[in-house]
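Good morning, colleagues. Please look at the model on the screen while I go through a few of its computed features.

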Amino acid sequence: MVVDNRSLRSDRVFHALADPTRRDIMRRCFTEESSVSALARHYPMSVTAVQKHVNVLEKAELVTKRKAGREQLVLANPLGLRRASELFFEFEQLWRHRIEGIDAVLREPPSEGTQ
Amino acid sequence: MMAITNVRTDEDALTLSIESEFASSPTRVWQVWADPRQLERWWGPPTYPATVETHEFVAGGSVGYFMTGPGGDRVHGWWRLLTIDEPHSIEFEDGFADANGAPDPQTPVMIIRVTLEETSTHGTRMTIMTTFASIDDMHYVMSRGMKEGMSQAISQLDTMV
């Protein structure tokens with residue numbers, strides 16, 4: 001019924017945060033960097049699987065990664081969530097609300113109102 | 001049948017574009033912007049209904065409005081109309097005002113461009129592009145009254161998903 005290509009960015013953030021392991025990764029590297037291998041020790045999964053989760057978070061700009069020797073250090077990027085993406089999402093919701101309101105006005109019989 | 005057909009954000013240019021389609025003609029959709037009594041029925045965010053006080057709907061003209069929050073608090077705002085091409089496009093600045101309706105120069109201004117195009121089925125495709133000057137501006141706008149209503153709307157959305 002409704003063709004709805006939501007903003008790619010909102011999709012990425014929601015997708016990234018929909019998974020409990022990824023939310024836990026975010027929490028663990030909120031205040032200090034953590035290597036991917038150190039993160040992997042907390043979960044019953046391979047380092048590669050954790051690396052994949054980190055990549056999803058990075059794509060959504062929820063974490064940043066940097067190389068230190070052979071390690072990859074991960075740090076949460078709460079600004080990425082709180083500022084740009086969340087704000088765009090809120091404005092998107094505001095306009096969705098307004099467009100629904102416009103639709104309600106348009107659905108009324110033409111005799112009503114000032115037109 | 002109304003449908004939101006596309007949402008695009010450009011985080012470098014700080015623009016948000018939302019495209020929707022309505023069964024009504026562009027001349028009819030134009031009225032929801034051009035008629036202050038229709039405009040005030042949908043402009044306010046959730047829990048902040050708008051009241052339009054002045055409405056000079058011509059290029060260079062201005063619109064003055066306020067939005068009333070659930071606690072009776074009022075957020076005043078203004079538009080300055082940059083271009084008007086009936087029934088095709090409207091471009092205006094939207095900003096905050098003080099309690100007397102005078103534009104507050106300390107606060108952000110957004111630029112909103114509305115485009116109405118007739119669809120093949122004689123309905124209207126409406127595209128609304130909002131441009132912000134900075135992320136801080138976006139943050140400020142949401143913090144002024146919009147936030148509470150918006151988070152309510154989002155939690156309603158959550159219960160539907």
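Accessible areas here come from the Shrake-Rupley method with a 1.4 Å probe, and for residues only the protein chains shown count as cover. On that basis, chain A exposes about 6400 Å², of which carbon and sulfur atoms supply 53%. This is a predicted model, in which local features need pLDDT of at least 70 and side-chain atom pairs count only at pLDDT 80 or more, while totals for chains, interfaces and linings use all residues. Residues are numbered from 1 along each chain as its sequence is written, chains are lettered from A in the order in which they are written, and side-chain values use heavy atoms, without hydrogens and water.

Chain A contains five helices and three strands, where helices are DSSP runs of H or I with at least four residues and strands are runs of E with at least two. Their order from the N terminus is α-α-β-α-α-β-β-α. Of its 115 residues, 45% count as buried; buried means under 20% relative accessible area, exposed over 50%, and partly exposed in between.

I turn now to helix H4 of chain A, residues 47-59. What is buried in H4(A)? Val50(A), Gln51(A), His53(A), Val54(A) and Leu57(A) are. They cover an arc of only 160° around the axis, so they lie on the same side of H4(A); the arc is that of the directions from the helix axis to the C-beta atoms. On the other side, Thr48(A), Lys52(A) and Lys59(A) are exposed. Just after H4(A), Glu61(A) adopts a positive phi of about 60°.

Methods
Buried < 20%, exposed > 50% of the residue type's maximum accessible area, 1.4 Å probe, protein only.
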